[in-house]
Amino acid sequence: MAKIYDAIIVGGGHNGLTAAAYLAKAGKKVLVLERRYVLGGCTVTEEIYPGFKYTVLSYVVSLMRPEIIRELELAKHGYDVIPMHTSLSLLPDGNRLFLSEDEKENHREISRFSRRDADAYPEFHEFLTRLASFVHPFLSMVPPDPMSFSPRELLKLFRLWKGFRELGEDSLSFVKLMSMSALHLAEMFFESDVMKAQAAVGGIFGKGSIRAPGTAYVLLHLGMGDVDGTTGTWGFQRGGMGGVAEAIAKAAKSHGVEIRTEAPVSKILVRNGTATGVVLESGEEIRAKSVASGVDPKVTFLKLLDPGDVPTEFLDKIRKYTVVGASCKVNLALDALPDFTCMPGDGPHLRGTLMVAPSPDYLVRAFDEAKYGNFSRRPFLDIVIPSLLDPSMAPPGKHVMSISGRYTPLNLKAGHWNDHREALGDTVIDTLSEYAPNLKDIILHRQVVTPWDYENEFNLTGGNIFHGDLTVEQTFMFRPAPGWAQYRMPVNRLYMCSSGAHPGGGVMGAPGRLAALEMLKDFKSGRL
């Protein structure tokens, strides 16, 4: 007799693995099915060039929920994040903005551009910290259903209202921030172009210009994480970002989770309105009492399910769900360290994040090019040198560099990405070489990942690594659709555990954990 699992998880990304681990820890028989040869989804390390390990897509971690680290004992399974305490903004003419943990040095550095901005810098972070203290608990809670009048849902809404009232004077600021642009927020605190750009770049993860309404919330969302208790700090997982997925996978396996790679799902089986299992591309059918999707909502409902199995009204909402990405990655194997004109040689400045975002106008022009179907010829670049944080990422004396770029549209105005891949790589390298003249001479290998690769290789609709835009109408109780933010989908026994569910994108694991906890409630109640 064929084995019937308690749950099948579609997709072996970090959220799917998290959901599997929690279910198995509670004694459930769980199967994870991953389409690629390696686990992790977007959270993956791959040795594309011999001896050099690339963090192919995601490249830093900060949002990972502490309760997941604790409850799954991830440290025991290899979770080890190295904090990054510096940031270097590369500026024209050999100038720079270098920030670290030293508040006095930061004040002195920013004062070179504006004394007023130097005074405002701590105020800016204090402001974001206060608002984050209100939003932070949302990352660990199941959103209320605004359409329900049950006492439990009404109590959730009341608690939200109570927390909002406790913000006091900041309550109005929070309302404004939800619809404000990242640049507008930056302009409230800073007068110099350097600091406006430094503050606003956190809001451009995705398609939006720093002038776009709602991008200030993205800035807040990405700044809510912490490493070692320091809010807003980013870190690098030892062994690369694939080490995060590997640690969760080891935790899941320790509780009995079965994991299969190179097992792409072609269809979620539905019988009489209830999910009963999946069909693999090989034709193999696997049965289960429940199915949880770790892939994005559009893939789930528009590709893996027959239209007749999903309510028409819900499908219309999913079709309107926006998933427009604008990112690319260029990963480099280097023969030596890059030498930056603004701060020559090795030092702490190379062990944090580096970026090319000299002014708001620079960022707006980069967006404008992509808006009309071209990739930015002067892109925003966010850079990390992982091998300086973890020498195991490259052979002795060699290095890897991870460069995330924006803006790059999924659909080019002229031609296909396969014809423009190297031109994109050249543009990124040319831009960064203006600040590190030796860069071209030390490149041993490069990997260029286009938005087309995001969509086709990594199964991300629109090339959106967040599984959907983090706009006001697509967050919290509206993600992935109003009335369906509690992880249970309109097909009975089908759940959403990906970043397309609350609280959204970022390497945090929260959608996987929360979905699993709701599934366990349904097992306990007899609904499953």
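## The loop between α17 and β22

Pro 480 is found in the loop between α17 (451-456) and β22 (494-496), where helices (H or I, at least four residues) and strands (E, at least two) are DSSP runs numbered from the N terminus. The peptide bond that joins Arg 479 to Pro 480 is cis, with omega about 0 degrees. The model is a predicted one, in which local features need pLDDT of at least 70 and side-chain atom pairs count only at pLDDT 80 or more, while totals for chains, interfaces and linings use all residues. Residues are numbered from 1 along each chain as its sequence is written, and side-chain values use heavy atoms, with hydrogens and water left out.

The loop between α17 and β22 also holds Phe 476, whose phi is near 50 degrees, a positive value in a residue other than glycine. Tyr 487, found in the loop between α17 and β22 as well, has a positive phi of about 80 degrees although it is not a glycine. Most residues other than glycine have a negative phi, and most peptide bonds are trans. Phe 476 counts as buried at 14% relative accessibility, and Tyr 487 is buried with a relative accessible area of 1%; buried means under 20% relative accessible area, exposed over 50%, and partly exposed in between (1.4 Å probe, protein chains only).

Pro 503 lies in the loop between β22 and α18 (510-525).

## Nonpolar cores

The largest nonpolar core has 116 residues, and those with the most contacts inside it are Leu 185 and Leu 432; such a core is a set of buried Ala, Val, Leu, Ile, Met, Phe, Trp, Tyr and Cys residues joined through side-chain atoms within 4.5 Å. Helix α4 (residues 115-135) contributes the largest share of this core, 10 residues. A second, separate core of 72 residues includes Ala 21, Leu 74, Ala 263 and Met 496.

When neighbours within four places in sequence are left aside, Leu 432 is in contact (heavy atoms within 4.5 Å) with residues including Leu 90, Phe 340, Val 356 and Leu 439. In soluble globular proteins, nonpolar side chains tend to be buried together.

## Buried and partly exposed sites

Seven of the eight residues of helix α8 (residues 193-200) are buried, so α8 is largely enclosed by the rest of the structure. Among the buried residues of α8 are Lys 196 and Gln 198, as well as Val 194 and Met 195.

Met 188, found in helix α7 (residues 182-189), is partly exposed, with a relative accessible area of 44%. Val 310, in the loop between α11 (297-302) and α12 (312-320), counts as buried at 4% relative accessibility. Leaving aside neighbours within four places in sequence, Val 310 is in contact with Phe 301, Leu 305, Leu 315 and Val 491.

## The chain as a whole

The secondary structure of the protein chain comes to 18 helices and 22 strands. The radius of gyration, taken over C-alpha atoms, is 23 Å, close to the 24 Å that the globule rule (2.2 Å times the number of residues to the power 0.38) gives for 528 residues, so the chain is as compact as a globular protein of that length. Along its principal axes, the C-alpha trace spans about 70 × 55 × 50 Å.

Of the 528 residues, 62% count as buried. Among contacts between residues at least 6 apart in sequence, 71% join residues at least 24 apart.
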